[in-house]
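Colleague: I am new to reading structures. Can we go through this one feature by feature?

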Amino acid sequence: MKPPPFEYHAPATVDEVCALLGSLEDAKVLAGGQSLIPLLNFRLARPAHLVDINRVDGADRIYERDGGVAVQALARQAAVEDSELVARVCPLVVDALRLVAHRVIRNRGTVCGSIAHADPASELPAVLLALGGHVVARSTRGERTIPAAELFAGVFETALAQDELLVEAWFPASGKPSAILEESRRHGDFALAGVVRAGDRLALFGVAPTPVLADPRDPGRGLKPSGDLEATPDFRIHLVRALSEKAFAA
Amino acid sequence: MTTRWFGAPVQRLEDERLLRGKGRFTDDIGEGALECCFVRSPYAHARITSIDVGAARVMPGVVAVYTAADLPFGGVDLPLLIPHPNLTQGRTQRCLASERVRYAGEAVVFVVAEDRYLAEDAAELVQVEYEPLPVVITPEAAERAEHLVHDDVPGNVAAEMLQEVGDVDAAMAKAPHRKQLRLRYERGAASPMEGRAVWARWSQSERKLTVYDSTQSPTSIRGGLAVLFGLPESNVEVIAPDVGGGFGPKIMLFYPDELLVPYAAMQLGRPVKWTEDRQEHFTAVNQERGQVHEVEVAFDDEGRVLALSDDFIHDGGAYTPYGIILPIISAAQIPGPYRLPNYRVRFRDMYTNATPTSPYRGAGRPHACFVMERTLDSIAQELKLDRVEIRRRNLIQADEFPYEVGVAWQDGNTVVYDSGNYPELLDRALAKLGPKPEGDSIGMGLAIYVEGTGVGPYEGAHVQVLVSGKVVAATGIPSQGQAHATVWAQVVADELGVDVKDVEVSSGDTRRFPWGVGTFASRGAVTAGNAMYVAARMVADKAKAIAADQLEAAPEDLELVDGRVRVKGAPDKGIPLGAVAVLSNPVRYAFGGGTEAATQFARKARPGPPLQDGEQPGLEATGYYSPPGSTWAAGCHAAYVRVDPKTFRLEILKYVVVHDCGRVINPLVLQGQIEGGVAQGIGGAFYERLAYDADGQLRNASFMEFLMPYATEIPPIEIDHIETPSPLNPLGVKGAGEAGVIPVGAVLASAIEDALHVPITEMPQSPLKLFEAFSNS
Amino acid sequence: MRVNGVDHPVPHDARRLLADHLRHDLKLTGTHVGCEHGVCGCCTVLLDGAPVRSCLMLAVQAEGHDVTTIEGLARDGKPLHPVQQAFHDAHGLQCGFCTPGFVMSVVGLLAQHPEPTAEEIDEGIAGNLCRCTGYASIRRAVRLAAELSR
């Protein structure tokens with residue numbers, strides 16, 4: 001379980017990152033590495049180039065913007081979890097982060113990396129979707145904003161182009177009531193199924209190739225979740241209904 | 001004997017170096033060793049049609065690539081460790097497969113390179129072509145025998161064994177009630193935090209092979225390597241250094257690497273190391289627990305069991321290197337603490353295309369306990385009897401020991417319980433459990449079990465008092481965390497009247513003690529503990545004999561206290577143990593350390609030669625203990641659980657253990673063994689399973705999907721003890737290593753069934769299984 | 001990179017994991033490797049004071065950073081760090097393989113929560129697997145460590 005060979009790049013600015021992503025074939029961005037490096041160690045991912053963004057200065061800000069919270073590419077999950085600003089403006093993100101793996105992982109993992117990785121059972125993409133947030137992507141071609149509703153394209157797939165870097169995620173303020181509930185086998189595991197309530201909006205995760213918005217009155221409608229060792233499609237739908245009911249009972 | 005250290009909560013003597021990061025695990029040993037990697041079969045069953053290692057051999061950084069054809073022992077089957085007359089179709093694998101692979105993970109090619117990264121790169125260059133064959137993956141599929149794992153083993157049956165006590169058919173015919181149950185236990189994995197690892201160095205000039213191996217049996221590894229390489233045993237040193245957990249699979253030998261790493265070191269003239277990674281650990285290391293039981297039970301109106309018949313199949317895996325010990329243990333342990341006047345048990349050990357099986361903590365017992373306890377719960381339900389009451393009515397009573405069960409035991413004897421008090425275990429557990437908490441979906445479960453511990457054949461120990469007065473003690477069996485360095489020191493310190501901190505224990509190093517068997521089957525305390533006692537007593541007697549001359553007192557009037565041999569009743573009259581050690585060795589040359597006292601002009605004159613007939617120099621002794629039979633520990637576990645009726649999440653509200661392992665050497669160490677065992681049991685009952693698909697692929701070969709519990713999943717465990725000393729050994733001890741894990745599946749099954757009112761007939765459970773059972777009911 | 005207060009060059013081979021670099025190049029073998037996919041926590045070290053998995057970092061990424069391993073908590077001949085002492089006093093280890101990772105995680109936990117609640121303790125040590133102790137004695141060790149650190 002050792003990574004396969006790759007060429008390593010450690011650019012110092014976002015522009016350099018974009019230049020590399022724009023010029024290299026088969027390059028992967030290395031941010032927190034908490035999902036990518038296990039894949040390398042299992043040799044399930046074998047990119048030709050690894051573009052490590054950890055040496056980019058000033059890309060780890062967490063700041064208030066447009067009535068919400070903007071989280072830059074290198075802001076660690078633990079820093080966002082501990083941020084007073086985030087706790088004040090968007091406490092739902094803090095609640096969600098506490099369900100993301102374990103603190104030691106969050107010390108290194110990044111919020112933007114988690115969103116770009118787009119694991120269908122992951123919490124943060126569902127939160128972004130429930131809140132109607134967006135991400136900012138940059139490349140040598142310029143910068144664009146991608147709304148959450150257009151970002152998630154499939155299992156581990158996003159609307160980000162090969163040459164784009166996700167430089168910032170923006171979460172609107174989470175009004176009340178808001179909640180994130182999930183069922184996982186062990187504390188910190190990816191969810192078998194989960195729900196995010198943001199006011200009247202409901203987003204589900206773990207039950208489709210991407211996080212999806214659902215009708216709180218009939219959250220299971222139209223769902224065709226996949227089955228695995230720990231949950232059948234039926235069980236996932238059952239859980240989503242039970243969790244939604246609980247989230248909207250509060 | 002004195003009881004100053006024995007029984008005291010002595011804090012561990014081995015902790016400091018482990019806490020400072022100065023432990024020495026096998027992978028910590030570098031010394032420029034080459035590193036290795038296996039190419040393993042991706043198929044559960046296939047014919048190998050070609051192996052091409054050409055590209056790997058010429059890759060820069062690769063030192064050697066071995067296939068079966070490259071090995072002088074490549075065509076030899078690995079040893080069948082425990083032959084048995086009923087194991088008529090025993091089969092073992094070869095070091096490297098060359099014709100046929102029978103489980104995914106079976107080793108095919110061994111790559112040696114400058115480091116592990118390069119070895120893995122090279123392994124990817126090896127081309128092996130396979131022709132897939134039909135796969136037999138569950139024990140039920142093995143029984144159907146539509147396909148064969150071994151072409152020459154009809155019906156996939158490795159062994160069959162039938163035993164009967166009393167007359168089951170007659171008792172069944174007369175019984176007022178009869179009932180049938182089908183009970184199933186799935187495979188699990190021990191998963192020690194340290195995987196396996198082997199490091200070897202060959203000294204051509206000394207013709208000496210030194211091997212570090214994360215094994216539970218270095219003495220057996222040494223014996224096997226000496227035979228394989230034609231070396232005297234004295235030229236082979238095997239050390240199990242710090243071992244990061246064992247829990248059974250590390251008692252298996254020989255894994256292919258245990259031969260290949262030493263062989264490569266001898267061939268290449270450089271140290272060679274192989275360290276398993278977690279992914280290969282899941283398929284290359286032995287597993288356990290797969291069994292399917294068909295039970296028929298007869299009982300009277302009061303719930304007394306009149307007869308029980310069990311016909312079970314055991315998932316042996318692809319090969320039977322460990323013989324049929326597991327189903328033998330299951331068969332013997334099904335009766336447990338209950339009177340079973342008529343008992344018939346038949347098992348068949350079945351070949352499947354999965355990793356071979358050998359003991360994993362509990363070894364055949366969790367399933368046996370599950371069978372008996374589920375049966376009793378089922379009778380209770382049918383008769384509308386309280387689950388506690390039915391157990392009371394069937395328990396063996398405290399005045400019935402020794403109690404003969406009448407079935408065969410794993411040491412070749414028959415099962416005879418040496419001592420115990422099962423009703424008291426039950427009473428205390430219930431008292432500790434207390435009233436049922438208020439609330440919905442809460443269930444109570446309990447189980448009582450016995451555990452045959454401390455099997456032979458023997459262990460030995462060497463104890464020596466140094467001229468400094470410090471004591472060194474050594475035994476052949478290694479520690480994987482059981483605190484050998486502390487508990488053996490306690491036993492020795494008591495006999496020699498020294499401080500426990502003045503005893504330095506070595507375990508699992510054949511350079512220090514070459515003989516013995518291994519650490520398994522909850523046997524360390526009984527076998528090595530008593531061997532330590534025997535050896536220390538011999539040293540104490542020798543010390544008294546030598547000091548008697550000096551003190552002009554009879555040996556029987558002397559005692560060993562505070563590091564001195566002194567006259568009873570006259571504590572001022574004595575000499576330090578170190579001085580006795582000096583006198584034990586008549587020297588011509590004083591070499592320091594006070595040894596001038598033992599030179600010819602300084603020694604106190606006594607008639608005859610300095611070393612007289614029967615005397616041996618050195619204040620040391622080697623002692624052995626060989627048990628006449630197993631010691632039978634027992635316990636009762638009880639729990640309250642809540643199962644969320646919507647999410648089927650399990651919450652263990654309270655879990656109590658009352659345990660009896662005879663006399664307790666160190667309550668801290670024992671508590672740790674029980675707490676850890678229960679946690680492992682909870683893992684095996686609700687979180688962990690090995691999920692093989694129909695093609696024989698293990699679908700959850702990582703810690704992301706094989707769900708070992710974290711702290712957040714394990715509740716506090718409340719523990720109490722009773723002590724019924726074993727009459728079979730001088731220390732009165734019984735084993736405790738496996739105890740915690742044994743009844744957990746039975747307890748949780750009972751509690752979940754009580755909470756949800758759905759029948760629980762298999763282990764492990766999960767929210768998904770409960771959802772499905774609940775939806776169907 | 002600075003490891004336990006001593007500067008070291010980073011390895012040339014970019015794919016070398018920090019865990020392997022610490023263990024095999026710098027001979028700091030107290031950091032253990034249990035799974036190489038970030039779940040078991042045996043390889044936990046402090047990176048600029050915060051616990052991280054050294055199997056999920058490339059050694060080159062530690063350039064310019066401070067790494068503390070178990071060997072750096074208490075120097076040879078010096079008394080044990082309070083967390084180490086508490087693990088000893090509370091019988092918080094058996095085989096000792098997971099122990100350095102737990103100790104480093106607990107150092108991080110107590111930095112975040114000097115007076116941890118029972119729930120904070122469980123959450124703080126969840127993320128490290130132990131197969132020997134069943135976590136009970138580790139919980140006791142964390143409580144004791146909090147007391148000793150006061």
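Modeller: Gladly. Keep in mind that this is a predicted model. Start with one pair of residues: A:Gly194 stands opposite A:Phe205 in β13(A).

Colleague: Which strands of chain A pair there, and over how many bridges?

Modeller: First the idea. Strands of a sheet pair through backbone hydrogen bonds, either parallel or antiparallel. Here, β12 (residues 193-198) and β13 (residues 201-205) of chain A pair over five bridges. Their sense is antiparallel.

Colleague: What is the strand order of the sheet in chain A?

Modeller: Read across it: β11-β12-β13-β14 in chain A. It is an open sheet of four strands, with antiparallel pairing. The edges are β11 (178-183) and β14 (212-214) of chain A, and each of these pairs on one side only. From one strand to the next, the twist averages 25°.

Colleague: Which strands does helix α8 of chain A lie across?

Modeller: Helix α8 (residues 123-131) of chain A lies across β11, β12, β13 and β14 of that chain. The helix runs at about 160° to β13(A). Now take helix α10 (residues 233-249) of chain A. It lies across β11, β12 and β13 of chain A, at about 30° to β12(A).

Colleague: Next, helix against helix. At what angle do α2 and α5 of chain C pack?

Modeller: Two numbers tell the story. Two packed helices are described by the angle between their axes and the distance between the axes. For α2 (residues 82-89) and α5 (residues 136-149) of chain C, the angle is about 135° and the axes are 8 Å apart. α2(C) and α5(C) are therefore oblique to each other. Their crossing is right-handed.

Colleague: Which residues of α2(C) and α5(C) meet?

Modeller: From α2(C), the list includes C:Pro82, C:Val83 and C:Phe87. Among their partners in α5(C) are C:Ala141, C:Leu144 and C:Leu148. Sorted by class, the contact of α2(C) with α5(C) has eight nonpolar, two polar and one charged residues.

Colleague: How many residues of each domain of chain C are in contact?

Modeller: 15 residues of domain 1 of chain C touch twelve residues of domain 2 of chain C. On the domain 1 side, β3 (44-47) and β4 (50-53) of chain C each give two or more residues. The largest share, three residues, comes from β3(C). By class, that side has nine nonpolar, six polar and no charged residues.

Methods. Residues numbered from 1 in each chain as written. Chains lettered and ligands numbered in written order. Predicted model: local features only at pLDDT ≥ 70, side-chain atom pairs only at ≥ 80, totals over all residues. Contact = placed C-beta atoms within 7 Å. Nonpolar A, V, L, I, M, F, W, Y, C, P; charged D, E, K, R; others polar. Axes fitted to C-alpha atoms, helices over the stretch in contact; angles between N-to-C directions. Parallel < 35°, antiparallel > 145°, perpendicular 65-115°, else oblique. Left-handed = near helix turned anticlockwise from the far one by under 90°. Pairing = 2+ DSSP bridges.
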